[in-house]
Amino acid sequence: MAKIDLIMPKMGESIIEATILKWTKQVGEEVEQEETILEIATDKVDSEVPSPADGTLMEILFEEGDVVAVGEVIARIETEPVSGESDPEIPSNGQHEAPAPELASVVESVPYVPVSEGPAAGSFASSARFYSPLVLNIAREEGISMLELEALPGSGRGGRVTKKDILSYVEDRQEAPQVVSAPQVAAQPVSTRKAAPKPEPKVASTPPPAPTPAPTITHEGNVYIIEMDRMRKIISQNMVQSKHTSAHVTSFVEADVTNLANWRKRVKGDFEKQYGEKLTFTPLFLQAVIKALREHPLINSSVDGDRILVKKDINVGIAVALPNYNLIVPVIKNADRLNLVGLCAAVNDLAARARANKLKPDELEGGTYTLSNVGTFGNVMGTPIILQPQVAILAVGSIRKLPSVIETAEGDMIAIRQKMFLSHSYDHRIVDGALGGRFVKRVADLLEAWNPETDI
């Protein structure tokens, strides 16, 4: 028998620990390769940890609720010996061969794939449903189409297709031609995974995300007490830490975005037809932010003691409100390399997967600046809190039609214009009011200067 150490995986460059939420397998139970053994949580995302091999779970070293450092052994799995495995023989030259490297170190070097990661490349890349690499390999080897895989019921968490599910389907698929009459079908045991008529394309769909657990609510007299969930506790801690770390200052600018708003209204239908992406205001705001960051590189930095670290990469985070009223900030890496279509695709994809709890841990890492669109809630402006270790964050308010004084060749006139406020919070330790104010004014100027004849 061989024993394999199950290691707490590293799920992001800044992740140093994770909390064990639930053991889905108990000591003595058999596990299959890629089958979920436990669920863990970091301050970024919740993930499942799969088994690295077939075997039996022999030891659990930490309890549910324990916080465990990355790299710690959290459980041990006993596997069957490979055929021919026995005590090593002494070579004929009388010398002992060097022992093979510990299996645990080999397993530790295998990259960990979190539950939120999408399917592998190839014909399965278009699916938003999660499939483990093992399931995808079996599907390819057996010639199972994406349509069949999408329609296959899964017995795993959230409808995941397990190794057992797909092997059962393969077996039934091979046996299906032998079934020649209705009585023979009726005589077989009933199973949700038995061969079914080939589904029509419209049947395939992505299963909904697991529902968010209801909060624990108690009451004392006339006061209701709601226990914070894990994410809300983390948000609370991070916001307080940011206020203690940075000297927050906020500058406000009003922008006339009439040309931009009218242009978007006119082209959004054609844009979606041409590129398959909804054109929201966020990527339009991002274009202006990115250009302003190039011109004001000190805003795209962080503080390390007495050193200012100016980042060459422009990685912009976008704040996304979740259905449970929590907040998460996925990051568009190298956003300055994307055109408008690329920014649209990135914003739409990250926002959708954030709300479905399907983000990868590294998609929440490495941000150098953050944009928060508080206007989506009808707010005129806000005073956002900096996301550490960044030094600034921009909040954009709702766009409203307002009477405004405009200058013309014939003199001043009153006209209806579409306006919005931009609120720029920055770290006064390294960003003074002149720089912080100039930056947000530059963003506003870029939005106001939008060419209404811009091609999509």
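These legends walk through several close-up views of a predicted model.

Residue numbers start from 1 along each chain as its sequence is written, and in this predicted model local features need pLDDT of at least 70, side-chain atom pairs count only at pLDDT 80 or more, and totals for chains, interfaces and linings use all residues. Side-chain values rest on heavy atoms, with hydrogens and water left out.

**Figure 1. The whole protein, before zooming in.** The protein has 10 helices and 21 strands; helices (H or I, at least four residues) and strands (E, at least two) are DSSP runs, numbered from the N terminus. Of the 456 residues in the protein, 38% are buried, where buried means under 20% relative accessible area, exposed over 50%, and partly exposed in between, using a 1.4 Å probe and protein chains only. Among contacts between residues at least 6 apart in sequence, 62% join residues at least 24 apart; a contact here means heavy atoms within 4.5 Å.

**Figure 2. An open sheet of four strands.** The strands follow the order β1-β8-β6-β3, and their pairing is antiparallel. Two strands count as paired if DSSP finds at least two bridges between them. At the edges sit β1 (2–7) and β3 (30–31), each of which pairs on one side only. As a reminder, strands of a sheet pair through backbone hydrogen bonds, either parallel or antiparallel. Look for β3 beside strand β6 (residues 55–60): two bridges link them in the antiparallel sense. Glu-30 stands opposite Thr-56 in β6.

**Figure 3. Thr-79 and its neighbours.** Thr-79 belongs to strand β8 (residues 73–79). With a relative accessibility of 9%, Thr-79 counts as buried. Leaving aside residues up to four places away in sequence, Thr-79 touches Met-1, Ala-2, Ile-4, Ala-53, Asp-54 and Gly-55.

Figure 4. Strand β4 (residues 36–41) is mostly covered, with six of its six residues buried. Strand β2 (residues 17–23) runs antiparallel to β4 and is joined to β4 by four bridges.

**Figure 5. The hairpin of β12 and β13.** Strand β12 (residues 301–304) and strand β13 (residues 307–310) run antiparallel and are joined by four bridges. Val-303 has Ile-308 in β13 as its bridge partner. The hairpin has two residues between the strands, and Gly-305 takes a positive phi near 65 degrees.

**Figure 6. Helix α8 packing on helix α9.** Helix α8 (residues 281–295) and helix α9 (residues 340–355) pack at an angle of about 120 degrees, and their axes are 9 Å apart. That angle makes α8 oblique to α9. The axes are lines fitted to C-alpha atoms, for helices over the stretch in contact, with angles running from 0 to 180 degrees between N-to-C directions. Angles under 35 degrees count as roughly parallel, over 145 as roughly antiparallel, 65 to 115 as roughly perpendicular, and the rest as oblique. The crossing of α8 past α9 is right-handed; the near helix is turned clockwise from the far one by less than a right angle in a right-handed crossing, and anticlockwise in a left-handed one. On the α8 side the contact is made by Thr-282, Pro-283, Leu-284, Leu-286, Gln-287 and Ile-290, and on the α9 side by Leu-340, Leu-343, Cys-344 and Val-347. By class, these residues are eight nonpolar, two polar and no charged. Ala, Val, Leu, Ile, Met, Phe, Trp, Tyr, Cys and Pro count as nonpolar, Asp, Glu, Lys and Arg as charged, and the others, Gly among them, as polar.

**Figure 7. Helix α8 packing on helix α10.** Helix α10 (residues 433–448) meets α8 at an angle of about 135 degrees, with the axes 9 Å apart. The two helices α8 and α10 are therefore oblique to each other, and their crossing is right-handed. From α8, Leu-284, Phe-285, Ala-288, Val-289, Lys-291, Ala-292, Leu-293 and Glu-295 meet Phe-439, Arg-442, Val-443, Leu-446 and Leu-447 of α10. This contact has 10 nonpolar, no polar and three charged residues.

**Figure 8. Arg-355 in helix α9.** Arg-355 is found in helix α9 and is partly exposed, with a relative accessible area of 45%. Val-320 is 35 residues from Arg-355 in sequence, and the two are 7.9 Å apart in space, C-alpha to C-alpha. Not counting residues up to four places away in sequence, Arg-355 touches Val-320, Ala-321, Leu-322 and Pro-323.
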